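Visitor: Could you walk me through this model, one question at a time?
Guide: Gladly, let us have a look together.

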Amino acid sequence: RADAVRLDELATALLDLSSAQPGGRSLVLAPVRVDDLIAGVVRRVAPVARERGVRVRYAAPSEPVEVDRVRVEQALTNLAMNAVTYGPAGTEVEIRASLGSSDEQSWALLLIEVLDAGPGVPEGFVGRLFRPFERGPNAVGPGVGLGLASAAAAIEAHHGSIAFERREGGGSRFWIRVPVGPEQA
């Protein structure tokens, strides 16, 4: 039974990655309020956060944006779940969303940051962070290294970007930028 569950999880992760690829499922853009989008992600990670003693809080505007909600939620859930999973008990994961504009282009951008107080990403692993089947040396649980690759593919399908940096004092900052204006690619 455990092997069957594990194979099901792997198949689901591979399907998520495949559908998020540029040649995968077409984007389904629809208006969604940013705060509703983030609240949905927080609800998904809440059981694991409670179990681990990690508090998740968020701040997001209530303005609507046009995105593929399924893909953006998939990406953010992967980022938030990693933050909750690797953050020490008693710490906080913060998700911040804001709207801005691109320096180079004329469209609006949605910026979402996921901040944690965990151990961060090991130096030698940073360049492989968003590659499929790559797991860091401190990885826990039964994953196979598809979560961040799926997140990156989902955001890139929006012609957006995803990145990581270390936080001063420890922890990680992952962020995504997604064009959300009427001229989005």
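Visitor: Welcome, then: in which element is G147 found?
Guide: Before we start, this is a predicted model, in which local features need pLDDT of at least 70, side-chain atom pairs count only at pLDDT 80 or more, and totals for chains, interfaces and linings use all residues. Residues are numbered from 1 along each chain as its sequence is written, and side-chain values use heavy atoms, with hydrogens and water left out. Helices (H or I, at least four residues) and strands (E, at least two) are DSSP runs, numbered from the N terminus. On that basis, G147 belongs to helix α4.

Visitor: Is G147 buried, partly exposed or exposed?
Guide: Buried means under 20% relative accessible area, exposed over 50%, and partly exposed in between, with a 1.4 Å probe and protein chains only. G147 has a relative accessible area of 29%, so the label is partly exposed.

Visitor: How much of helix α4 is buried?
Guide: Helix α4 spans residues 147-157 and is largely enclosed by the rest of the structure. Its buried residues are L148, A149, S150, A151, A152, A153, A154, I155 and A157.

Visitor: At what angle do the axes of α3 and α4 cross?
Guide: Two packed helices are described by the angle between their axes and the distance between the axes. Axes here are lines fitted to C-alpha atoms, for helices over the stretch in contact, and angles run from 0 to 180 degrees between N-to-C directions. The axes of α3 and α4 come within 8 Å, and their crossing angle is roughly 145°.

Visitor: Which residues of α4 make the contact with α3?
Guide: Contact means heavy atoms within 4.5 Å. On the α3 side, the contact is made by R71, Q74, A75, N78, L79 and N82. On the α4 side, the residues are G147, L148, S150, A151, A154, I155 and A157.

Visitor: What is the phi of H159?
Guide: H159 sits in the loop between α4 and β6, and at 52% relative accessibility it counts as exposed. Its phi is positive in a residue other than glycine, with a value near 65°.

Visitor: How are α2 and α3 oriented to each other, roughly parallel or roughly antiparallel?
Guide: The axes of α2 (residues 34-52) and α3 (residues 69-86) come within 9 Å and cross at roughly 30°. Angles under 35 degrees count as roughly parallel, over 145 as roughly antiparallel, 65 to 115 as roughly perpendicular and the rest as oblique. So α2 is, relative to α3, roughly parallel.

Visitor: How do the residues of the contact of α2 with α3 divide?
Guide: Among the residues in this contact are L37, I38 and V41 of α2 and V72, L76 and M81 of α3. Ala, Val, Leu, Ile, Met, Phe, Trp, Tyr, Cys and Pro count as nonpolar, Asp, Glu, Lys and Arg as charged, and the others, Gly among them, as polar. The division is 12 nonpolar, 3 polar and 5 charged.

Visitor: What is the strand order in the open sheet?
Guide: Two strands pair if DSSP finds at least two bridges between them. The open sheet has 5 strands in mixed pairing, and its twist averages 15° from one strand to the next. The order is β2-β4-β5-β7-β6.

Visitor: Which strands stand at the edges of the sheet?
Guide: A strand at the edge has a single partner strand, so one side is left without a neighbour in the sheet. Those strands are β2 (55-59) and β6.

Visitor: Which strands does α3 touch?
Guide: α3 packs on the sheet, and its direction makes about 20° with that of β5. The strands that α3 touches are β2, β4, β5, β6 and β7.

Visitor: Which residue is the bridge partner of R166 in β7?
Guide: β6 (residues 161-166) and β7 (residues 172-179) pair in the antiparallel sense over 6 bridges. Their hairpin has 5 residues between the strands, and G169 takes a positive phi near 90° there. Elsewhere in this pair, S161 stands opposite R177. The partner of R166 is S172.

Visitor: And is S172 buried or exposed?
Guide: S172 is in contact with V114, F164 and R167, among others, leaving aside its neighbours within four places in sequence. Its relative accessible area is 3%, so S172 is buried.
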